[in-house]
Amino acid sequence: MGITDERRGRQGRFAYIGSFTKAGGAGLTVAEVDPRTGGLTAVHSTDAVVNPSFLALSPGGDVLYAVSETDEGAAAAFSLADPARPALLGEPVPVRGEAPTHLACVGTHLFTANYRSGSVSALPVRTGGGLGAPSAVLPHRGSGPVTERQQGPHAHAVVPDPSGRWLLAVDLGTDSVWIHALGPVTGLPRAHGETRLRPGTGPRHLAFHPRGDRAYVLNELDSTVVVCDWDAGEGLLTPGKEARVAPGAAPANYPSEPVVSTDGRFLWAANRGYDSITTLALDASGDVLGIQGSTPCGGHWPRDLTLHPDGRHLYAANERSGDVTWFTVDPDTGIPSLSGALAAPAASCVLFA
């Protein structure tokens, strides 16, 4: 599934907003993007999937995938033949894992991180983009010292590395990142290794540096980010320095999403509780130099943070205030400034296509 010239020309024209239907959200909302201001205007919504809390695109950008974050756990596919009106491709498919929170499409499979069951599922992608039943489920094992949150494994994110050879699964419950090798022919995952982080940090999500040799793991339980070296040849993740993403005097805070600028000069982190976006400066090697600034997120409980493909605008999905706010990024300092908001009850994710 290649990207057509027409699709390249309209890249970033539409935003897709996922939300929790059981908390009053619309489900999947489509918004048109103003190319000048980054502003959003809702044009369509569908509640065909329960709790589509996280979204991902096919490699060609013509299919949109969503988790269904429920006790049973499922994933769904939408055709983007008409990008303003996604069309469901069959019924949601059970992932054989509880409460999937994140997903990624790599090669011939869609992968989900199943939070409550602490596992990763691999669903084959059929011709046309629809999904088949899971062909593999990889369980994580272990726990952490924060007993109320880490009584067992809680896979929270699945992220392919830039080479496409590896899948990294971030587990809040085991304080680790599990690394899975992707079969060159089958595309199926195989357990390769586990990188342990400092106990009690509760890693949630990670983002790669544009250069591909660094990964930034954002820790939910202690408001830190750890800079890791990434060796794509060996599939080896090596933790390095840590930096705080919220002031020590901040209220109870649970960071959600890290985003790296397209030029690799800045790292942004969304903070739930402190309700802010922290800007961290990066040096030429990719190390964190320190906090550049902290900006109110414009709402409450920013569950997701997304950079527009043009690199000039950031978007926060504020779950508890029920809106998506957008920001214009200063190209010199990296500091975002609030530019607008769109009502979106129980918003949980923003994706551009």
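Here are a few notes on one threonine and on the aromatic residues of this structure.

1. Before you start: this is a predicted model, where local features need pLDDT of at least 70, side-chain atom pairs count only at pLDDT 80 or more, and totals for chains, interfaces and linings use all residues. Residues are numbered from 1 along each chain as its sequence is written, and side-chain values use heavy atoms, with hydrogens and water left out.

2. Have a look at threonine 174, in the loop between strand 14 (166–171) and strand 15 (176–182); strands are DSSP runs of E, at least two residues, numbered from the N terminus. Threonine 174 is buried at 3% relative accessible area (buried is under 20%, exposed over 50%, partly exposed in between, with a 1.4 Å probe and protein chains only).

3. Leaving aside residues up to four places away in sequence, threonine 174 touches Arg141, Gly142, Ser143, Pro153, Glu194 and Arg196 (contact means heavy atoms within 4.5 Å).

4. On to the rings: there are five aromatic pairs (ring centres of Phe, Tyr or the six-membered ring of Trp within 6.5 Å; planes under 30 degrees apart are stacked, over 60 edge-to-face, the rest tilted). In one of them, tyrosine 254 and tryptophan 301 have ring centres 6.0 Å apart and planes at 50°, so this pair is tilted. Tyrosine 254 is in strand 21 (residues 254–260) and tryptophan 301 in the loop between strand 24 (288–296) and strand 25 (302–307), so the pair ties together parts 47 residues apart in sequence.

5. Tyrosine 254 is partly exposed at 29% relative accessibility, while tryptophan 301 is buried at 12%.

6. Elsewhere, Trp166, Phe208 and Trp230 make up one aromatic cluster.

How values were computed. Helix = DSSP H or I, 4+ residues; strand = E, 2+ residues; numbered from the N terminus.
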